[in-house]
Amino acid sequence: MIRATAGLLLVSSAWLNAEAIDVSDPGLIADGAKHFAQSCAVGYCHGSEGAAARGPALRSRAWDPHDLFRITAEGLPGTSMPGWRGVIPDTAIWAVTAYVLSLSTDPPSGPDAMITTGLAEEPTAPRTLSADAVRGRDLFFDLTRQRRCGVCHRIGALGTAIGPNLALAARSRSAEDLSLDILDPNRSIAFGFEQVELRLRSGETVRGVLAEETEVWIRVHDSAAVPPPLRSVRKADILDQAVVERSGMPDDLDDTYSPGEVAQIVAYLREVAGEGS
Amino acid sequence: MRMALGSGVGLRPHAVIFSAGAMIQKVPGSPERPRSSLQQSDPSGRPLLRLSVAMLGSLALAAVAPLVAAEVDSKRLEAAGGEPSNWLTYYGSYEAWRYSTLDQINRANISELRPVWAFETGIPDGGLQAAPLVVDGVMYVSSAWNHVFALDAATGEMLWRYDYPEPETIPGTYGTWNRGVAVAYGLVYMGTLDNHVVALDRDTGEEVWRVEVENAAQCGCNITSAPLVVKDLVITGVTGGDSAHRGYLNAYDAKTGRHRWRFWTIPAPGEPGHDSWEGDSWRYGGGSTWITGTYDAELDLLYWAVGNPAADFYGEDREGDNLYTDSIVALDPDTGHLRWHYQQIPHDVWDYDSAYEIVLLDLEVDGEVRKTLLNPSKSGYVWLLDRGSGEFLGAWPLVENSNWIDGIGPSGELLGRNEPAVGERTFICPAIGGGRSWNHGAYSPATGWFYSTGLEWCQTVTVRREEPREGMPFFGGEFEMEHPRSGPAHSHLSAYDPVTGERKWRYEHKYPLLASQLATAGGLVFTGDATGRFFALDADTGRELWGFRTGSGHRGSTVSYAIDGRQFVATPSGWGSALAGLTTQLWPEAADFPSGSSIFAFSLPEGSE
Ligand code: HEC
């Protein structure tokens, strides 16, 4: 599934929050055409005006409006057709649906074009973060920094969960504590994220947060590198193993982020935690 | 504190779940095969790269294949061209010739060529686009969705399979297919559809390490190309050139997966070349590295071809040359530092990646033998550079239907750029699918010619300004496929003088030829077509000598190898992919071309060799 941060979404079609819509409405179709051009026609997917590319042709076919909406929203599992719910608003998915219907062999018109959408409620208001927190979020996920927080922490749909869930961790922690945790990770080690050290018969020592243990294997997030590779070690190849009281998080992230930037990241974590749920 | 694992530190809910038992099926070992006499010609173990074309005639023909093979390491990889029994690396050797010195199957006996086995992966999504590797009797092939199969290369019997767990996030823009694996140090390496690299135990298929290159949910990018092993590193490119994404190349320690270096294809503020980007456009400027590069051990240079800038068609928010998009970069393989670059298309607004193969050739240019590299581009031109310095040595066209420029000047400058106007419909040739697809050409030292397809098709481009959304598609326009003004779209496979581009022969085809070529010392060029026909041409004349229907179209890379003195030619069969889809805009009947995903291996009947 393709996902994008909510803050980046264009919330259009705001006027469309009605329970029933007219899929033959030229304004709605035009709005759908815009979304289609940007997200569906693109490059190698469904082609300009649904003419087909890697994805199948969408024009000149017969569609049930609700099926079309559902496939667009949820995607087709096991194929590269992603679900668009959460990526663009449901209202925009209806606009795209109206557009594709307009290209079909028998575009709905008159009373047939009145479709019950089930979108009676106002879409939930987009999360509002303070300016500092928005900046903090961008820093947390800043792809130009190879040691960004998102390499090891996941928040929402983005990032990778090697380290703990920070939206939870930040809930019970002051800003001071959080910045200390970031700059001096060895100060305390989150429960369940202890590192193990494996001395192997090959002479190598592998240290990392435990990811999984089976009868045969131990898998750890090797903390010798960022990003930490997930190493699979056969138990039979281990000479010796121990839990080490060092954090799997690098202790020199002040090379990556300035103090001001850490403060903005902390602001972001606290606001995400405050949102709760 | 010491403690036993499994008590205090348990499995956490978010941990990646593996079920080794379900993922890996070990099939009991295959019985001993009878040995027959060795008749294939095995040249000396020296890398072919170091031999000039003229010297090749004097190659000593030894006839011994190693009985107990050493592990694949950098030495064996550097000399891969001298091991025709194997297909050790993606292009067959670092020279990227896609040439086999085996000549048991040749012009005289090709009519006897028969299928020996077929293997069905069962995963047809996107066709089968890989180049299988063959290492000491075992074939390793990857399918869409990152399944890897180890097969007995003589019988097609499956030895093990690996099934990458279906990821939560799949960047939809770049497909779920995979173009091949790398083998070295007892491991099999593969890039994944959610932008990881995995290393598997070569003998069992069990996962040894896995590393995330960049979060796929965020970057919208992934890996479809085969990794390249150079010395102790596994190096992988990335897709993402049509998304709001900044491209890179990454190197990992081959044994541990620990990251060693990253080369950003777009320089950051303060770095040389950064001023070739306007404002913040560098952050989302594309520059993917989506096809496998190559390596010259003697010069110790790693070469990679960099893709188009993003937004593909709309260039007004990225004024400047946009380095290092549409460029060849030569890197220090140990550090990833740039040694030189050559940009083919400054400020591309046509989506004409330089991503394709880089073929290392020692060629006589203006009376002097030069170490060159040859690189066909999506633009339908082939560039020839000095591979030590990046000096421009020439460029020549693969296609007739080309109106994006009038030509290329004596120092490599693009003449008469035909840039599509914003908001208008502009007719451009070749189409976005390229004057050639990514599938690779072949070079034969016997003829001295480069064999490549050319695609004669066009498009109407409508350019539109677009705001970048990180990780989301960023084309800046739309296109619709068109037939050329000169007649119906079609394709051809031709033999070219690699220096002048002079065409020696030409084989016409109704549909786009989208599979790689294999050239052999048997005087043959193998490839396959969209309708499922696999065929061989005479390398000297282009005459068709043999063909076989594999049942589904061809998009992958044919290889050759030998086992117990018997030469095999193996081809992936399986229609699919982005371009396969696009063809339906011009050839509606192509919508009914069946997809598939199998390997067919061919050999001469036993006893007849
Ligand atoms: C290379 C991986 C890695 C990177 C990069 C990383 N972390 Fe961590 N982080 C971890 C691991 C593993 C832990 C758990 C061990 C510990 O508590 O020190 C952790 C723990 C934490 C904790 C303590 C959580 C708790 O529940 O006690 C905080 C806060 C934190 N990280 C914030 C950050 C921030 C902010 C960044 C970016 C500036 C960052 N981390 C970058 C791996 C990483």
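I began with the pairing between the chains: strand S8 of chain A, S8(A), is joined by 2 bridges to strand S13 (residues 207-212) of chain B, and the two run antiparallel. I noted that two strands pair if DSSP finds at least two bridges between them. Helices (H or I, at least four residues) and strands (E, at least two) are DSSP runs, numbered from the N terminus. Within this pairing, I found Leu230(A) opposite Arg210(B) in S13(B).

I recorded that this is a predicted model, in which local features need pLDDT of at least 70, side-chain atom pairs count only at pLDDT 80 or more, and totals for chains, interfaces and linings use all residues. Residues are numbered from 1 along each chain as its sequence is written, while chains are lettered from A and ligands numbered from 1 in the order in which they are written.

**Entry: the interface of the chains**

I looked up the contact between the chains and found 57 residues of chain A against 60 residues of chain B; two residues are in contact if their C-beta atoms, placed from the backbone, lie within 7 Å. On the side of chain A, the elements giving two or more residues include helix H1 (26-40), strand S4 (158-159) and strand S8 (230-234). S6(A) gives the most to this side, with 4 residues. By class, I listed 33 nonpolar, 17 polar and 7 charged residues on the side of chain A that touches chain B. Here Ala, Val, Leu, Ile, Met, Phe, Trp, Tyr, Cys and Pro count as nonpolar, Asp, Glu, Lys and Arg as charged, and the others, Gly among them, as polar.

**Entry: the helix pair in chain A**

I then examined H1(A) and helix H3 (residues 90-102) of chain A, which pack at an angle of about 100° with their axes 7 Å apart. Axes are lines fitted to C-alpha atoms, for helices over the stretch in contact, and angles run from 0 to 180 degrees between N-to-C directions. H1(A) and H3(A) are therefore roughly perpendicular to each other (angles under 35 degrees count as roughly parallel, over 145 as roughly antiparallel, 65 to 115 as roughly perpendicular and the rest as oblique). Among the residues that make the contact are Leu28(A) and Phe36(A) of H1(A), and Val96(A) and Tyr99(A) of H3(A). I counted the contact by class as 10 nonpolar, 4 polar and 1 charged.

**Entry: domains and ligand**

I noted that chain A is divided into domain 1 (6-116), domain 2 (131-188 + 251-275) and domain 3 (195-244), with bounds that come from an automatic or database domain assignment. The centres of domain 2 and domain 3 of chain A, taken over C-alpha atoms, are separated by 26 Å. Their contact takes 5 residues from each of these domains of chain A.

I found 27 residues around the ligand, and Cys149(A), Cys152(A), Gly163(A), Ser247(A) and Met249(A) are the closest; a residue is near a molecule or strand if its C-beta atom, placed from the backbone, lies within 6 Å of it. H6(A) supplies the largest share of the shell, 3 residues. The shell divides into 21 nonpolar, 4 polar and 2 charged residues.

**Entry: a sheet in chain B**

Finally, I traced an open sheet of 4 strands in chain B, with antiparallel pairing and the order S14-S15-S16-S17. S14(B) and S17(B) stand at the edges with a single partner strand each, so one side of each is left without a neighbour in the sheet.
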